[in-house]
Amino acid sequence: MTRWLGLAVLSLALAWPVQATPQERVEQVRYHMGTLWTVEAQGQGASEAMEAAFAEIGRLDRLLSTYKHDSELSRVNREGSRGWVGVSAETRELVSRALAVASASGGAFDPTLGPLVKLWGFKHMDYRFPSEAAIADAKRQVGYGHVQVDAARGIRFTKPGLEVELGAIAKGYAVDRAVSILRARGMTMARVDAGGNQGVWGQPPEKEGWVFGIRHPRVDGGVLGWTTLRAGGISTSGDAERGFWKDGVRYGHVIDPRTGWPSQGVVSVTVLAPDAETADALSTALYVLGPEAGKSLLGRYPGVEALWVTSELETRRSPGFPWLAADPGPRVKLGE
Ligand code: FAD
Ligand code: MG
């Protein structure tokens, strides 16, 4: 019996590695795509994995930025009105997916709004209040229906002056790419945060699931409540970061393509989705659509949940959105 016990202990000992594998944990913040990115990972070789994730984010910034003259997307925007522009499969497929969200949302999401985004000063944060004539002019230069994508020939525009701008979807895509690199390198836990767009995977340190505080859109440092996510993406679109006040009204950087004006009625939308790209694109689309019209869009995306904060600072959420409200505290008046 003692001999059997000895053997059992020995075979158990052999089942474990002779040396414990070091579980390195890293977290760093770097600047890409006009915002701060946090990459957090745990596992063997976490530092190298994190470097690979940041390298991928940098690569996608150089590929998809409309702030960089030499990116592939900037070349498409310069040449697309003159004919087909050959592009990488990656750019072509992301543009196709952006157009699919545009179509599913009835045009609430539109990746060709660049002229309006620039007119209101949201691109370079030099905000201004344009005239109705200037808005009408800019509206004539937009329309996702004028973008054609072809597997063999690339991308072209059927309207002069059209541009594609992926500001509402590409950060989510880059988050997914970074998370998949961390997973492929065997990390037991990964979190990539691109200022409002996050992707998570694995078990968070010392917790059972990932918990996210939803920022109060009108109180600096305030939290409206908390939500949870096992794995996938979470994205918030709001007017708090890029936007300006005029006569007590907040004008944020999400434009309603129907009016050409900054979308009103909602001040923030948080979306939980199986991936960060879907969360990013839908948070923008659902911001424009609002909680009522947004419900039918949500019905087309299984596993996606949303929380809206209306301009009256009331929360509305889809039935499956996990939510724990914080103490409401004193009511905050808009414009303060
Ligand atoms: P989201 O709600 O996801 O997107 C809002 C943005 O999408 C708006 O700013 C506008 O550009 C566009 N948009 C507005 N309305 C709509 C609509 N109805 N449908 C679709 N799109 C709409 N910023 C800099 O200041 N400097 C940079 O160098 C820079 N580089 C970037 C490079 C890349 C590859 C990307 C993707 C973005 C870059 N940005 C840069 C943009 C910046 O980070 C934006 O603030 C960001 O993309 C907006 O994302 P969001 O998640 O805050 O809001
Ligand atoms: Mg978005």
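Start by selecting ligand 1 together with domain 1 (24–62 + 168–325) and domain 2 (69–157): both domains give residues to the shell around the ligand, so ligand 1 lies between them. The domain bounds come from an automatic or database domain assignment.

A word on what is loaded: this is a predicted model, in which local features need pLDDT of at least 70 and side-chain atom pairs count only at pLDDT 80 or more, while totals for chains, interfaces and linings use all residues. Residues are numbered from 1 along each chain as its sequence is written, and chains are lettered from A and ligands numbered from 1 in the order in which they are written.

Next, show the shell itself. Ligand 1 is surrounded by 32 residues, the closest being Gly 34, Tyr 67, Gly 167, Ala 168 and Ser 237 (a residue counts if its C-beta atom, placed from the backbone, lies within 6 Å of the molecule). Colour the shell by type and you will find 15 nonpolar, 10 polar and 7 charged residues; Ala, Val, Leu, Ile, Met, Phe, Trp, Tyr, Cys and Pro count as nonpolar, Asp, Glu, Lys and Arg as charged, and the others, Gly among them, as polar.

Now pick out α2 (46–64), α7 (170–184) and α8 (276–298), each of which supplies at least two shell residues. The largest share, 4 residues, comes from α8. Helices here are DSSP runs (H or I, at least four residues), numbered from the N terminus.

Finally, keep α7 and α8 on screen. Lys 171, Gly 172, Tyr 173, Val 175 and Asp 176 in α7 meet Ala 276, Glu 277, Ala 279, Asp 280 and Ala 281 in α8, with contact meaning C-beta atoms, placed from the backbone, within 7 Å. This contact divides into 5 nonpolar, 1 polar and 4 charged residues.

Technical notes
Two residues are in contact if their C-beta atoms, placed from the backbone, lie within 7 Å.
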